Amino acid sequence: MARAASGWLPAWPSSTLQSTESDPTAEAGGVASYHAPVFPAEVIEWMQPAEGKFIIDGTLGGGGHSELFLKAGATVLGVDRDPEALAHASKRLARFGERFSTWEGNHCEVAGDASIQMADGLLLDLGVSSHQLDSAERGFSFMREGPLDMRMGPSSPRSAAEVVNQWPEVDLLRILREYGEEKRARRIVAAIIERRAEKLFTTTLDLADCIEKAVGRQGRIHPATRTFQAIRMAVNEELESLQHALEAVPRLLKPGGRLLVITFHSLEDRMVKRFLKARSTEFLDNPAWAQPRPNPDCQFKLLARKAIAPTQAEVSINPRARSAKLRVASLLEHQS
Ligand SMILES: C[S@@+](CC[C@H](N)C(=O)[O-])C[C@H]1O[C@@H](n2cnc3c(N)ncnc32)[C@H](O)[C@@H]1O
């Protein structure tokens, strides 16, 4: 099912790229080195993986969550737009034989593949993996010298260099404010525009230095953090993909099938919250109506009313879980 995509990344010398061949923990799962899955206990509790169940892991990454499903006896389709993640997880999960398969591409497009059967569960664990962040040659990190890339995979429509060097000022301002929630957006964008008129940006540290010079450094958080997050979200059209993926869920899940979404960004969580609220409200009311009317869009049942937060214990062993939120719902057995 996977498209061949080797060679889609620019050549870049890397000291951090971990091949599964040289990863000593790959045999045991490579969890610590590649990516530690968040909410492991809660994902099992709400997904209820078991023999005979088919689960789509829409964000395979290092395969940590998929491994939990497979160990519980389920059959898993691992989806990722990153060929490197698919290769790593395929090797790691090879011992589960035919119960594990992969699909390369954007998870919002899986529903369009008629060969994929309806699932008992869909997991979306959004954002990038620790491995992607740590791989200098992928260009996600403002701490490591690399090309201005930030594409999760070949299906990502543009590189970070295109956004930084070619996007109009107004669009840069919009993404920094909206996706990055960056209060100093105007100063940062002005510095980018001024600098790129002289010389285009080519590397991560080049951009990070320009941002630091523009706004200075205060506190422990690097001044380029929010700008890099905003550019990454624009490069990979992360919010658009999430919206399309949510709308496709009723075409992917069997009646009663479960949807679990893990977010790390308030905009993403708000999108999931609003979508599930609109699709789980049974009756709509309007002062002009004599009585409430059934909601024709009601397709889901909320399994937990509020977002689930990580425990202190999890955050202490996996600090990345700090900002994670989990929302869970099931597709209604009978749809009106
Ligand atoms: C946070 S990691 C998932 C980690 C995984 N749950 C684990 O246990 O190792 C997110 C992964 O999803 C992939 N991803 C993010 N958005 C995607 C999308 N729209 N379509 C397909 N894959 C996506 C990224 O490439 C990355 O490998």
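This is a predicted model: local features need pLDDT of at least 70, side-chain atom pairs count only at pLDDT 80 or more; totals for chains, interfaces and linings use all residues.
**Exercise 1. Find the helix that holds Gln 132, and decide whether this residue is buried or exposed.**

Step 1: Gln 132 sits in helix H5, residues 130-134; helices here are DSSP runs of H or I with at least four residues, numbered from the N terminus. Residue numbers start from 1 along each chain as its sequence is written.

Step 2: The relative accessibility of Gln 132 is 4%, so it counts as buried (under 20% relative accessible area; exposed is over 50%, partly exposed in between, with a 1.4 Å probe and protein chains only).

**Exercise 2. Work out which residues Gln 132 touches.**

Step 1: Skip the neighbours within four places in sequence, and Gln 132 is in contact with Asp 82, Arg 138, Phe 140 and Met 152 (contact means heavy atoms within 4.5 Å).

Step 2: Now look at Asp 82: its side chain makes a polar contact with the side chain of Gln 132, at 2.8 Å. A polar contact is a pair of N or O atoms within 3.5 Å; within protein, one must be able to donate a hydrogen and the other to accept it, and residues adjacent in sequence count only if both atoms are side-chain atoms.

**Exercise 3. Explore the surroundings of the ligand.**

Step 1: Count 25 residues around the ligand (a heavy atom within 4 Å). Gln 132 turns up again here, among the closest with His 65, Asp 80, His 107 and Asp 125.

Step 2: Check the ligand's nitrogen atoms. A polar side-chain atom of Asn 106 lies 2.9 Å from a nitrogen atom of the ligand. For Arg 81, a backbone N or O atom lies 3.2 Å from a ligand nitrogen, and for Thr 59 a backbone N or O atom lies 3.5 Å from one.

**Exercise 4. Compare two residues with positive phi, Phe 39 and Glu 237.**

Step 1: Phe 39 isn't a glycine, yet its phi is near 50 degrees. Look for Phe 39 in the loop between helix H1 (31-34) and helix H2 (40-47).

Step 2: Glu 237, also not a glycine, has a positive phi of about 45 degrees. Its spot is the loop between H10 and helix H11 (238-252).

Step 3: Phe 39 is buried, at 0% relative accessible area, whereas Glu 237 is partly exposed, at 29% relative accessibility.

How values were computed: Side-chain values use heavy atoms; hydrogens and water are left out. Helices (H or I, at least four residues) and strands (E, at least two) are DSSP runs, numbered from the N terminus.
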